[in-house]
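Good morning, and thank you for joining.

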Amino acid sequence: MHHLNIEPLIDIMKKTIVWIGLFCLLQWSLHARRTLRVGVGEVCSPVSLSAPRTYIDALLEAGHLPVLIPATDNTHLLKEYVQKIDILLLPGGEDVDPAYYNTPPSPYLGEVNGRRDTFEMALLREAVVQRKPIVGICRGLQIINVYFGGTLYQDLQSEIGATGHKCPKSLSHSTHTIHIDKNSRLYQLLGTDTLGVNSNHHQAIKNIAPKLRAVAHTPDGVIEAIEGIAYPVAAVQFHPERLIRGDVPKLKILFSQLNKWAKNKK
């Protein structure tokens, strides 16, 4: 009786399985490290079109493509810009005008930039219409909260006696700690519930918007990070783009994993 030698066939099948596995692993790796087109709204300077360099450098280092979005009243152009990006990042800057949360200005209110407020509100509106993920840093956190219906402390020291949050000369170094909710994407990414961070703000979230939740606080109760309950949004009050070159290089993961940070499971 003639026996068929199937060993060569088995060897071919094994090699095929190995190559398929390597191909799938490569595809997964490319997807996980996919270059994102990150829209960064301009800061609305009266003399130049610009965005803070430290944010751009952090995005470039993470392998992303920053897209500077100029302020415009043309809603069609704004729609096109948002269509071309994967995620929106709102950086730090001036105080948010309290008129946006129906509160009279405090004597301690800092500089406001009306053109920037108007632009970023329109940018947020269009991003939400297109359901693009949103991340924010410092002022970015504050205006996101206001857009979704929250309010702000206009000045922490005069309103609740909180001090030690305005340390602009040491942004590469940690100046206070925050406690991170273990049931948060921020915790999942960083793997810690306590973190030393920098601080350069005198405003902060007062009443958090209904569609957001606070996921990190300072020891004196100031909200330091938020995430969307249903919408893909996340933001921090501190400045990770400065700390990655200083005391907390592990914060690079927030930039390399922007989508994972912003998106929820719903």
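**A buried glutamate and a mixed sheet**

Let me begin with the side chain of Glu241, which makes a polar contact of 2.7 Å with the side chain of His239. A polar contact here is a pair of N or O atoms within 3.5 Å; within protein, one must be able to donate a hydrogen and the other to accept it, and residues adjacent in sequence count only if both atoms are side-chain atoms.

Regarding provenance, this is a predicted model in which local features need pLDDT of at least 70 and side-chain atom pairs count only at pLDDT 80 or more, while totals for chains, interfaces and linings use all residues. Residues are numbered from 1 along each chain as its sequence is written, and side-chain values use heavy atoms, with hydrogens and water left out.

Glu241 belongs to helix H8, residues 240-243 (helices are DSSP runs of H or I, at least four residues, and strands runs of E, at least two, numbered from the N terminus). A further polar contact, of 3.4 Å, links its side chain to that of Tyr55.

Is Glu241 buried or exposed? Glu241 is buried, meaning under 20% relative accessible area (1.4 Å probe, protein chains only). Yet Glu241 has no salt bridge, and Arg242, the nearest side chain of opposite charge, is 5.6 Å away. A salt bridge requires a side-chain nitrogen of Lys or Arg within 4 Å of a carboxyl oxygen of Asp or Glu.

I turn now to the sheet. Nine strands form an open sheet with mixed pairing, in the order S2-S1-S3-S4-S11-S10-S9-S6-S7; strands pair if DSSP finds at least two bridges between them. Its edge strands are S2 (65-69) and S7 (194-197), each pairing on one side only. Within it, S1 (residues 37-41) and S3 (residues 87-90) run parallel, joined by three bridges, and Val40 stands opposite Leu89 in S3.

Technical notes. Buried < 20%, exposed > 50% of the residue type's maximum accessible area, 1.4 Å probe, protein only. Lys, Arg positive; Asp, Glu negative; His and termini not counted.
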